[in-house]
There are 2 protein chains.
Amino acid sequence: MSKVITPMEQDYSQWYNDLVLRSGLADYSAVRGCMVIKPYGYRLWENMRDVLDKMFKDTGHVNAYFPLFVPKSLFEAEEKNAEGFAKECAVVTHYRLKNDPANPGKLMVDPEARLEEELVVRPTSEAIIWNTYKGWIQSYRDLPILVNQWANVVRWEMRTRLFLRTAEFLWQEGHTAHATEQEAREEAAKMLEVYADFVENYMALPVVKGVKSESERFAGAVDTLCIEALMQDGKALQAGTSHFLGQNFAKAFDVKFSDSNNKLEYVWATSWGVSTRLIGALVMAHSDNQGLVLPPKIAPLQVVIVPIYKGDEQLAAITDTLKPIISQLKDLGISVKYDDSEHARPGWKFAEYELQGVPVRMAIGARDLANGVAEIARRDTKEKMTVNLDGIAFYIKTLLDEIQLHLFEKAKNFRAEHTTEANSWDEFVSILDGKGGFVSAHWDGTAETEEKIKDLAKATIRCIPLDAKEEAGTCILTGKPSNKRVLFARAY
Amino acid sequence: MSKVITPMEQDYSQWYNDLVLRSGLADYSAVRGCMVIKPYGYRLWENMRDVLDKMFKDTGHVNAYFPLFVPKSLFEAEEKNAEGFAKECAVVTHYRLKNDPANPGKLMVDPEARLEEELVVRPTSEAIIWNTYKGWIQSYRDLPILVNQWANVVRWEMRTRLFLRTAEFLWQEGHTAHATEQEAREEAAKMLEVYADFVENYMALPVVKGVKSESERFAGAVDTLCIEALMQDGKALQAGTSHFLGQNFAKAFDVKFSDSNNKLEYVWATSWGVSTRLIGALVMAHSDNQGLVLPPKIAPLQVVIVPIYKGDEQLAAITDTLKPIISQLKDLGISVKYDDSEHARPGWKFAEYELQGVPVRMAIGARDLANGVAEIARRDTKEKMTVNLDGIAFYIKTLLDEIQLHLFEKAKNFRAEHTTEANSWDEFVSILDGKGGFVSAHWDGTAETEEKIKDLAKATIRCIPLDAKEEAGTCILTGKPSNKRVLFARAY
Ligand SMILES: [Zn+2]
Ligand SMILES: [Zn+2]
């Protein structure tokens, strides 16, 4: 496969696909809409998962695992949820294959092994989990339940994109049960903060925290909180959601608890999730035409060292000098690879590690060695520095922190430049057709207007920001009164 | 739910179910044959997974993720593999539900959303993975591929048991590709050693390493290596398998590579896996009528401390004394819980942590405090010791090591007492009907005899041990000549 990447200015969408495939993050598969997450991409996901998992545990959650399949009768119990996902459900109808008498060596579905009740492959697990919670909850002493699950889910999508929208994806889904509305609302808000913390401080991607409009709400939720990020093409991407589910699922599955006064009440619920979609966001937010640009805190490999040498003697001298530096880097908790393979030239290696987004590259030749220096290149700005070998491990540690920060600052500046207030319809459309990004505008609060704006301008309400201030204004489309601005964008 | 556990002497199978349910490892679900892995059980699985994952990475493997679904045409490509799993396949035939006009509020499978090609929910992933490897392998430089996947798989089982046999289970499956037969055979053998190391040194469960007879081989394998463990009821359990797949999958999916002489050759393959079934083995190997007995190295919680007090003042004094000890335990890498909750009496707590198999319990009352001692109870032997508080953290650390070792020694002794040579059919049957366990006996090497023995004695050949020595003998059933003993047992 050619390693050439289509420049993003020429075709952003093709640039993204080229990048994901050629950097080894993922591959297409033989299954429609499903992808293969390749080792480099999976390593990135593991790093993200490990950080999130620790954050969940630090906030009192535990992991569990619930069945992949949801019997149809359970799936349809919460009607809005069922309605919202029915069109995307993969359905298991049979439990056996048999030899196909018409095609020797081939198999066919055994018509006699039809399930009495069809099984939906989980698109999300509220139904199967709340059906289980019914058996776990009797009294207020059984609450709260703070459970998370790492799992695969399936949503049959017609148009798919690697990581961004695939039929099967990996995610985590938290499902909590509470005795009071307030506690459940606080949980939903807390987990939104956890997501924002993760995306900003590990993925180096600033987010807007907000509430979804009714039309964009999760099917079955009372309120959906979300974090929204901005990609380099000016389109928005929903990076995580946290739902306050009220008592909807408790009512659908008859989950009641006796409170401290022995009164029976329905249980309050939340659910919250992020998925491998975040990898798509990461790629689109920071990368360039040479390849991935990964934030040091989650990069599978933080530092690569490439020796530049002629003959075994020069290599041995360089290797000897580097050994203690490599140990020191490892002791500092930095992942490092020493690539002294003979099969590729330094220039080829440089390009390869640039493609993979390794944050820091160190190159060292015979003359550098004589001078006691090495060349350090940072992936994000492509700056090169000559650095003394003495103390270079600490230099690199500081540099990794600086890169992490710099990526976040750069993305923040980009977002600031691409967040614009619009006060008229013409202004609104010209911003969207021009520089893109978030457009902050007044909206009359109705689903009808929201739908019309979507049709006319291909932009959706990303969220009503949590920090939106009261401001009298008029809806950009209808001119009706509005008391706060909401955030619009074209979105993934 | 009553916490009473049926004694194992009375009904071993009921004892096992009671234990799994009441200790909070797992729960039944609304989906036939599928279970819910509860937080305590999942934490145990996480600990096991983390150790194994490190072992895989230390032996050069990387993780990746392949689709849940296998198109039928790929599934049937390797005929033996397909034949072996066809009867257990959950099959997705449709991708949409719709409102059921006959039942308002209910959904039905949309007959217009029938898939052109049915999708098998993976019972194992050789087919989808080798179809993918075809695109990854051109030359010997692309080899070896050393990939592992942590995933859920589905095998439709008619009779299910929590952890031991469920329709859906969690596992890891390694899938490697090699340039030579020898390298692939070495890989399969190496991973068997990794499994044996894990099961013996972390799960404290001794295993016999061996090769499966042809009838017991994995469908599609040339050779299946396995580790076999013995449960307390004298039945064997297959704890892990590692398959040398030859070129079967390379041929089925046309995966060739050009060797260093530019000659095209089929690629050699292995696959290997262990699953949540190991949790069932763990429970059955060590536990007793009071509850779980967990090896310290993988126990979710290693030490519980229960203060015994009257009034807040006593509690405060105990807590003050314990604080530095708890920190010290944590510094030693020991997981510890201080249970000072007022809602339960010490005796109730003792029983609860015994049920959960926490390896070490420390109890401390006002008089103990005055004497500068605490009571230490070990879960495995139920011995209680009075121990000086001075240096107690180190005492506990050593005790945890001792418990780990002791569990292994005990299981090894049990196995030694339950491994018997049989030299006649009568002897063979009377051992199986009596004390059970492994029976080492001669067999004529034919599948017919193996099948007859299975029918007559309900015992299967667990393996031909790797360390079986040459020994002239005669088959216990047919009297035909045999040159080594094989290991029989009734098994899970
Ligand atoms: Zn900077
Ligand atoms: Zn001992």
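Predicted model: local features only at pLDDT ≥ 70, side-chain atom pairs only at ≥ 80, totals over all residues.
Let me start with the charged pairs: between chain B and chain A the count is two salt bridges, a salt bridge being a side-chain nitrogen of Lys or Arg within 4 Å of a carboxyl oxygen of Asp or Glu. A:Lys57 forms a salt bridge with B:Glu46, and there the closest N and O atoms are 3.1 Å apart.

Residues are numbered from 1 along each chain as its sequence is written, chains are lettered from A and ligands numbered from 1 in the order in which they are written, and side-chain values use heavy atoms, with hydrogens and water left out.

Turning to the whole interface, 64 residues of chain B are in contact with 64 residues of chain A, contact meaning heavy atoms within 4.5 Å. The area buried between the two chains, that is, the accessible area (1.4 Å probe) that two parts lose on being put together, summed over both, is about 5200 Å², and carbon and sulfur atoms give 67% of that. In chain B, the residues that lose the most area to chain A are B:Tyr65, B:Leu97 and B:Leu107, together 13% of what that side buries.

Finally, the strands: strand 5 (residues 91-94) of chain A and strand 5 (residues 91-94) of chain B run antiparallel and are joined by three bridges, where strands are DSSP runs (E, at least two residues) numbered from the N terminus, and two strands pair if DSSP finds at least two bridges between them. Within this pairing, A:Val91 stands opposite B:His94.

Conventions: Helix = DSSP H or I, 4+ residues; strand = E, 2+ residues; numbered from the N terminus.
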